[in-house]
Amino acid sequence: MSAILECKSLTKKFSSLTALDNVDLTLERGHIIGLLGPNGSGKTTLIKLINGLLVPSNGKLLIDGKEPGTESKKIVSYLPEKTYLPDWMRVSDTIDFFEDFYEDFDRKKAYDMLKRLQLDPTKRMKTLSKGTKEKVQLILVMSRDADLYCLDEPIGGVDPAARDYILNTIISNYNEKATIIISTHLIADVETVLDEVIFIKNGKITLHSSVDDIRTKEGKSIDTLFREVFKC
Amino acid sequence: MLSKLFKHEMRACARLLLPIFLILILLALLDRIVLGLDIFDGSLKVIPVFITVAFIFANIAVGFVTFILIIVRFYKNLISDEGYLMFTLPVKASQLIHSKLIASIIWLLSSVAVIFGSLSFTFGTLDGASEFWDGVKTSWVQFTQEYGNDARMFFAEIILIIFIGIVCSILQIYASVAIGQLVNGHKILGAFGAYVALYTIMQIACTIALVIAGLAFKGNYDDLGMVTAIVMPVTALFTLIFTVIFYFITVILFNRKLNLE
Amino acid sequence: MKWDLDSERPVYIQLIEQIQSGIISGLFKPGDKLPSVRDLATEAMVNPNTMQKALSELERTGLIYTNRTSGRFITSDEEMIIKLKHLSAKELVMDFINRMKQLGYEPEETLTIVTGIVKTKE
């Protein structure tokens, strides 16, 4: 199987700003990868490009050898930072919606996860707290059998117990043909779940290495290294 | 995929529109009953008047709300946070537009039908009503006799122009939203500005085209002939051209220049 | 099993150590079947690839073996386990002696202190 993501000289400019600058990146399948960088580093731009929400200014981006489009969207599962589900829908409606449009959606898995987190499927999205909405979205995204998962701040707004559950879900969802990209600020919490990390700064990739290689080489945690590298 | 998008679109609009249609129908029923009763005397006459006025306003409101809903729905579902959901579905941007366009046309026509139906139902049996309809029939007969084929062409063209006009208006709104979302932080303002700009351009272009066509075809037409042979076809053609332009503006901007958040 | 991982050292090395401790202390008995990689990884809250790496290393040393159809098992070789136990003990003691040296205590003094404490504990 080909690499799940390939970026070749990928560049994205917005009038005066270069958000991504000649990025070369290859991600193999079967990894959980941390995309780490400060705000404005180009993280969100890269994720949007992967999901076809932006078009490259220059260079190429290939997902499983295809350019972003209808075909790539079938195999990419995206969890944005915001609440993107219509607030008038019930949780059960959102499950029906995902099942309707995504062939790889597992309805039973979604309902199992709802039950485990004690979430009521009959509730409307607008009645849920922010943290609960995020849990619902995560359940929908992880109930798909995708080849590439893009999770943007998946544990940001949730309590520690839910955080553990989410990380457990991510680990147990692991399979050799899929890759999970996690973009987050909460590095310390997810460090052991990752096997690779990417540091991104000013639109360029400054580091792409395995967690253990970094710990062996630097003798410190990724979190510590990050703070050093991105010191203000 | 298109049918699924269409189904969801219809459902989302039905949530708001069906209750409103129902209220209008109930008001129609109420007003008809109230107008049929003859028991209001003196100051109580305020009641039927009030109900009738409310009913008329309700009709206007239904038309208004349907129109506003089409605009708001397009913006909310594609440009606000929900856009992250819709544009990452494995569908083409054009399919998103098609599903909303078709649903919008259906709901718009439905609202017209409901308004027309409720007005006929409530006022149709009143004393003046049958005289009104007799008058309309007489005018129609006179009109067709005087102008023959031209009259039929006239009405056919009117219907066509109205339909193209509806589609054009909807796509004009869509294109305005597509242009407006390019402006960071002021997407709604941008949409309004774009709408005004598009409207102005369209009016100017259409006027110019009509003037040119009028000058070019200095034929032997009487007034209605001129209208059916030149004014209406040119208007229809122009509206059609702009409809296509608005469509492509929307599709191309969504495909290449999507600017969510 | 309680997994205690610090953030500075490579994860897979710590996983190897913790599994070894588990085997030595008898938490994992000789011949016991190990949970799947995914279950272990979920329990330890680590990446499955990292857990796999640790298990592969343990397999290389013979502490764990894989039966293609039935899964992973702890070795039944009790001698190997006892050897490992001794080795771990020795490492612990060496480490302790060195740390005491850093405090300023020579090995002879360290021995006296240890003997004293052990005697009082009895």
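This is a predicted model: local features need pLDDT of at least 70, side-chain atom pairs count only at pLDDT 80 or more; totals for chains, interfaces and linings use all residues.
1. Fold of chain A. Secondary structure here amounts to 9 helices and 9 strands. Along the principal axes, the C-alpha atoms of chain A occupy a box of roughly 45 × 40 × 35 Å.

2. Packing of chain A. The radius of gyration is 18 Å, which agrees with a compact globule, because 232 residues would give a value near 17 Å. Of those 232 residues, 47% count as buried. Take the contacts in chain A with a separation of 6 or more: 70% of them come from residues 24 or more positions apart.

3. Contact between chains C and A. Chain C contributes 16 residues and chain A contributes 21 residues. On the chain C side, the elements giving two or more residues are helix 1 (11-25), helix 2 (37-44) and helix 3 (48-61) of chain C. By class, this side of chain C splits into 8 nonpolar, 5 polar and 3 charged residues.

4. Domains of chain B. The assignment places domain 1 at 1-125 and domain 2 at 129-261. Their C-alpha centres are 23 Å apart. The contact between them draws 18 residues from domain 1 of chain B and 16 residues from domain 2 of chain B.

5. Domain 1 side of that contact. Which elements of chain B give two or more residues to the side of domain 1 that touches domain 2? They are helix 2 (46-78), helix 3 (83-86) and helix 4 (93-123) of chain B. Helix 4 of chain B gives the most, with 8 residues. The domain 1 side has 13 nonpolar and 5 polar residues, and no charged residues.

Terms used. Residues are numbered from 1 along each chain as its sequence is written. Chains are lettered from A and ligands numbered from 1 in the order in which they are written. Two residues are in contact if their C-beta atoms, placed from the backbone, lie within 7 Å. Helices (H or I, at least four residues) and strands (E, at least two) are DSSP runs, numbered from the N terminus. Ala, Val, Leu, Ile, Met, Phe, Trp, Tyr, Cys and Pro count as nonpolar, Asp, Glu, Lys and Arg as charged, and the others, Gly among them, as polar. Domain bounds come from an automatic or database domain assignment. The radius of gyration is taken over C-alpha atoms; the globule rule is 2.2 Å times the number of residues to the power 0.38. A residue is buried if 20 or more other C-beta atoms lie within 10 Å of its own, exposed if 12 or fewer, and partly exposed in between; C-beta atoms are placed from the backbone.
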